[in-house]
Amino acid sequence: MTNLWSKLANKESAAYIVCGVLTTAVDWITHRILWHMGAEYQVSTAVSWVAAVLFAFVSNKFFVFQSFEMKPGRLWKEFASFVACRIATFLITMAGMILMVGVLCWNEFLGKLIVSGASMVLNYIPSKLFIFKKTGDGRNRYGEG
């Protein structure tokens, strides 16, 4: 149990949680600003999601997983993988909300809280294991670093 705790409670996990909270703030604030400017909810939702994903990519790359390689090919691989992962978790989030709120008639806030937590975990795993992965010698999965 101690070994599991040390793997879960570390600097990287703490940085991921902080960046996740900030990413959520970027999403909500962008959405609110656009809503106040009169944008349709579809537009404000799409733009705020894009802003949040861009913020999350930069914060995860540099602050959470400390991947500082900036070669265009490497950057593109990381970015494309990151966005694909976020699209997948977005679809899972939508399905979860439809199930919990639309079908089961749960409270919307409770549903959002549950899918946000699940999304955070589902985004962390591929980011850690595949997108920003480092090898035993500290190099990333592309042999750079």
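The model is predicted. The protein has five helices and zero strands. Its 145 residues are 30% buried.

**Overall fold and surface**

- From the N terminus, the elements read α-α-α-α-α.
- Take the contacts between residues at least 6 apart in sequence: 61% of them join residues at least 24 apart.
- The accessible surface of the protein is about 9300 Å². Carbon and sulfur atoms account for 74% of that surface.

**Helix 2 against helix 3**

- Two packed helices are described by the angle between their axes and the distance between the axes.
- Helix 2 spans residues 11-36, and helix 3 spans residues 41-64.
- Their axes come within 8 Å and cross at roughly 155°.
- Angles over 145 degrees count as roughly antiparallel, so helix 2 and helix 3 are roughly antiparallel to each other.
- The crossing of helix 2 with helix 3 is right-handed.
- Residues in this contact comprise 16 nonpolar, eight polar and two charged.

**Helix 3 against helix 4**

- Helix 4 covers residues 72-103.
- Helix 3 and helix 4 pack at about 130°, and their axes lie 11 Å apart.
- Helix 3 is therefore oblique to helix 4.
- Helix 3 and helix 4 also make a right-handed crossing.
- Helix 3 contributes W49, V53, L54, A56, F57, N60 and K61 to the contact.
- Helix 4 contributes L75, E78, F79, F82, V83, R86, I87 and F90.
- By class, the residues of this contact divide into 11 nonpolar, one polar and three charged.

**K128 in helix 5**

- K128 sits in helix 5, which runs over residues 108-131.
- The relative accessibility of K128 is 35%, so K128 counts as partly exposed. The cut-offs behind that label are under 20% for buried and over 50% for exposed.
- Beyond its neighbours within four places in sequence, K128 is in contact with E12, F65 and K133.
- K128 and V64 are 64 residues apart along the chain, and their C-alpha atoms are separated by 9.4 Å.

Notes:
Residues numbered from 1 in each chain as written. Predicted model: local features only at pLDDT ≥ 70, side-chain atom pairs only at ≥ 80, totals over all residues. Heavy atoms only, no water. Helix = DSSP H or I, 4+ residues; strand = E, 2+ residues; numbered from the N terminus. Buried < 20%, exposed > 50% of the residue type's maximum accessible area, 1.4 Å probe, protein only. Contact = heavy atoms within 4.5 Å. Areas by Shrake-Rupley, 256 points an atom, 1.4 Å probe, with all protein chains shown as cover. Axes fitted to C-alpha atoms, helices over the stretch in contact; angles between N-to-C directions. Parallel < 35°, antiparallel > 145°, perpendicular 65-115°, else oblique. Left-handed = near helix turned anticlockwise from the far one by under 90°. Nonpolar A, V, L, I, M, F, W, Y, C, P; charged D, E, K, R; others polar.
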